[in-house]
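The sequence and the structure are shown first.

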Amino acid sequence: MNPASYDIIDGIPHYKLFIDGQWVSSSRNELADDYNPATGKIFARSQQAGATEVKAAIDAAERAFASWSRTMVAEREEMLLKVGEVIKARTPEIRDLLIEECGSVFGKALWEIEYVVDAIRAAAGDARHVMGETMPMTMPGQISISVRKPLGIVAGIAPFNSPFLLCMKKIVYALAVGNTFILKPSEETPLSGALIADLFQEAGLPAGVLNVVPGVPAEVGDLLMADPRIRMITFTGSTRTGRHLAVEAAKHLKRFTLEMGGKSPLIVLDDADVDYAVDAAAFGVFLHQGQVCMANSKVMVETSLFDTFKEKFVAKAKGLTVGDPRDPETVIGPLIRARQCEFIDGQIKDAVEKGAKVLTGGTYEGQFFQPTILDGVTPEMRIYHEESFGPVVSLIRVNDAEEALKVANDTSYGLSAALITNDMQKALDLSMRLESGMVHVNDCTISDEPHVPFGGVKNSGFGREGGRYSLEELTEVKWITLQMGQRAFPF
Ligand code: NAD
């Protein structure tokens with residue numbers, strides 16, 4: 001990291017805010033501790049933005065918008081591709097921060113970085129496809145066109161679980177179409193935000209185009225909401241926070257997109273290859289120790305396969321290595337917070353009290369939760385409805401595909417769904433009737449590409465991210481007419 005981005009005090013780096021191309025301290029000089037979830041130790045501290053800093057960031061983004069929005073598309077494309085090169089060159093450093101700050105296991109951290117490089121290429125290319133239209137004339141001599149314009153300043157609020165990917169996906173598309181950006185990273189992963197600023201600074205991004213202001217969530221959030229110069233809030237995080245932000249955005253008449261929580265179902269039909277289904281179910285719920293919005297935390301298996309699937313799934317979970325996320329062999333690293341372990345423990349105890357059986361796992365040590373499979377989960381139990389955001393899965397026996405569909409749709413969420421079958425007619429029929437924004441056949445529920453319409457329905461999402469869907473969310477359509485000669489007015 002750029003030495004200007006931090007001061008070392010008592011041996012611990014204290015990271016600054018990134019405003020108008022400069023690393024600055026907050027006038028309140030308040031700091032938040034950044035813990036390594038694997039060790040529980042503080043490894044950094046981060047300055048907390050207050051009203052003065054948020055206003056300075058908005059002022060800078062406003063000034064920068066005047067020039068950035070008028071840059072040629074090739075210039076924006078070149079800048080993004082340069083950031084991609086910087087990221088590739090600094091991959092080990094980014095990987096290590098994702099491991100240290102958010103407890104990513106080795107492979108997940110690398111995947112996150114590769115995704116970002118891919119997203120940068122996609123956004124750079126997509127910037128040339130911000131298209132308008134011509135429309136039929138409504139009166140003689142009139143030319144009627146629509147153009148797409150950048151919105152202005154976009155504010156991004158992102159969660160902790162994939163802090164590099166989820167922040168960058170928002171930033172690169174917003175910048176590609178000429179917006180300027182203010183990032184409020186998660187309070188759990190503020191350094192990932194600082195690192196993003198550092199990468200753009202190294203690539204030579206003009207001052208003010210990207211500003212990073214970690215701080216007390218509700219405080220920074222309210223300040224961003226209240227300023228009319230912020231034209232859009234793009235949020236990824238829990239449904240609880242998303243609902244609050246939607247209400248605030250409505251009050252301030254701001255555009256918003258929400259990518260929120262999930263309780264995603266995986267359906268295994270009776271013609272499935274059991275070993276393949278077990279691998280899909282395990283990857284889909286245990287990746288990043290279950291801290292993935294798309295995790296298939298509810299697995300429905302048709303009765304003829306149920307017992308075999310259960311036996312093999314339990315054996316698979318028992319074989320996963322839990323421990324040091326720096327070790328490339330580790331599959332399950334730490335959960336982000338101690339209270340997340342307590343929350344999941346509460347869900348499991350509630351389920352067991354109401355008749356569920358823990359087939360494996362169900363315990364934790366420090367912030368390391370064992371991969372857990374529950375049998376006999378019913379709608380009376382909290383875990384049937386609530387997101388766990390941990391390595392816990394409910395296994396549910398169903399008589400047929402119709403019952404599986406009913407259980408899959410019996411949730412307030414609707415992010416991703418998956419089914420394993422070779423019967424493509426049945427697969428398509430179920431895909432159409434599953435209440436979710438994304439469905440994957442013969443796969444698990446975890447899948448994301450930079451150019452696809454990523455997002456959920458019901459309590460999981462509002463709007464879409466990725467490719468031309470991001471371009472549409474991040475631009476305004478303007479209607480322009482050109483009257484050739486004079487038109488006839490009625491009076
Ligand atoms: P969270 O809602 O607690 O926090 C998300 C972000 O919102 C953080 O930056 C936080 O500081 C901020 N925030 C919290 N309160 C705020 C307020 N009052 N005003 C403004 N900002 C505020 O979520 P989390 O625990 O960081 O992340 C986990 C959640 O995110 C899970 O529910 C998960 O499913 C969801 N998620 C969704 C997607 C998706 O694409 N749908 C992707 C990743 C995570």
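Domain 1 comprises 6-260 + 460-478 and domain 2 comprises 265-441, with bounds taken from an automatic or database domain assignment. The model is predicted: local features need pLDDT of at least 70, side-chain atom pairs count only at pLDDT 80 or more, and totals for chains, interfaces and linings use all residues. Residues are numbered from 1 along each chain as its sequence is written, and side-chain values use heavy atoms, with hydrogens and water left out.

The C-alpha centres of domain 1 and domain 2 are 31 Å apart. Their contact (heavy atoms within 4.5 Å) involves 17 residues of domain 1 and 24 residues of domain 2. About 1700 Å² is buried between the two domains, with 62% of this area coming from carbon and sulfur atoms; buried area is the accessible area (1.4 Å probe) that two parts lose on being put together, summed over both. Val105, Phe160 and Ser460 provide 30% of the area that domain 1 buries against domain 2, more than any other three residues.

Across this interface there are 7 residue pairs in polar contact, both residues being at pLDDT 80 or more. A polar contact is a pair of N or O atoms within 3.5 Å; within protein, one must be able to donate a hydrogen and the other to accept it, and residues adjacent in sequence count only if both atoms are side-chain atoms. Helix 3 (91-102) and helix 4 (106-126) each contribute at least two residues to the side of domain 1 that touches domain 2, and helix 3 gives the most, with 3 residues. Helices are DSSP runs (H or I, at least four residues), numbered from the N terminus.

**Salt bridges**

The count is 35 salt bridges, where a side-chain nitrogen of Lys or Arg lies within 4 Å of a carboxyl oxygen of Asp or Glu. Between domain 1 and domain 2 the count is 1 salt bridge. Arg337 and Glu188 form a salt bridge at 2.6 Å, N to O. In another pair, Lys88 and Glu85, the closest N and O atoms are 3.3 Å apart. These two residues are about one helical turn apart because they are 3 residues apart in helix 2 (residues 73-89).

**Ligand surroundings**

There are 29 residues around the ligand, of which Ala158, Glu187, Ser238, Thr241 and Glu387 come nearest; a residue counts as near if one of its heavy atoms lies within 4 Å.

| Residue | Distance |
|---|---|
| Lys184 | 2.8 Å |
| Thr241 | 2.7 Å |
| Arg337 | 3.3 Å |
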